Amino acid sequence: MNQRKDTYRAALRREPRTTASRQAKVTRLHTRYVRVTIELDPALQSNLTSWVAPPVSALLQAGTAVLRPLTSWYGSGE
C-alpha cells in the first residue's frame, strides 16, 4: 500500500510530457491545497472557428434578411 502511495505521489510531481510538434499553451495554478494545470491545444482556435462560424454566419444572414425590409421601409420616408 505504501509503495502505491509513493508511486502515485511521484506521478503527481512528474511534469507532463510535451511533444515537439505541438506546443500547447500551459497555465498553472499552485496553491497550498490545489495544483491545477490547464493545457490548451494549438488546434483549438481552428476547431472553435469551424464550429462557431456556420451558426454565426446563419444568424447574420437571418438578421440581414429581417432588417432589409425594415430599412427600405424607413428609408423610403413612409
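Reader: Which residue of β2 stands opposite Thr27?
Author: Thr27 faces Ile38 in β2, and Leu29 stands opposite Val36 in that strand. This is a predicted model, in which local features need pLDDT of at least 70 and side-chain atom pairs count only at pLDDT 80 or more, while totals for chains, interfaces and linings use all residues. Residues are numbered from 1 along each chain as its sequence is written, and side-chain values use heavy atoms, without hydrogens and water.

Reader: How do you know that β1 and β2 pair?
Author: Strands pair if DSSP finds at least two bridges between them. β1 and β2 share 6 bridges in the antiparallel sense, so they meet this condition. A hairpin of 4 residues joins β1 to β2.

Reader: What makes up the secondary structure of the protein?
Author: The protein has 2 helices and 2 strands, in the order α-β-β-α along the sequence. These elements are DSSP runs numbered from the N terminus (helices: H or I, at least four residues; strands: E, at least two).

Reader: Why is Leu29 called partly exposed?
Author: Leu29, in strand β1 (residues 25-30), has a relative accessible area of 48%. Buried means under 20% and exposed over 50% (1.4 Å probe, protein chains only), with partly exposed in between; Leu29 is therefore partly exposed. Of the 78 residues of the protein, 0% count as buried.

Reader: Which elements have the lowest and the highest mean pLDDT?
Author: β1 has the lowest (78) and α2 the highest (83), on the predictor's confidence scale from 0 to 100.
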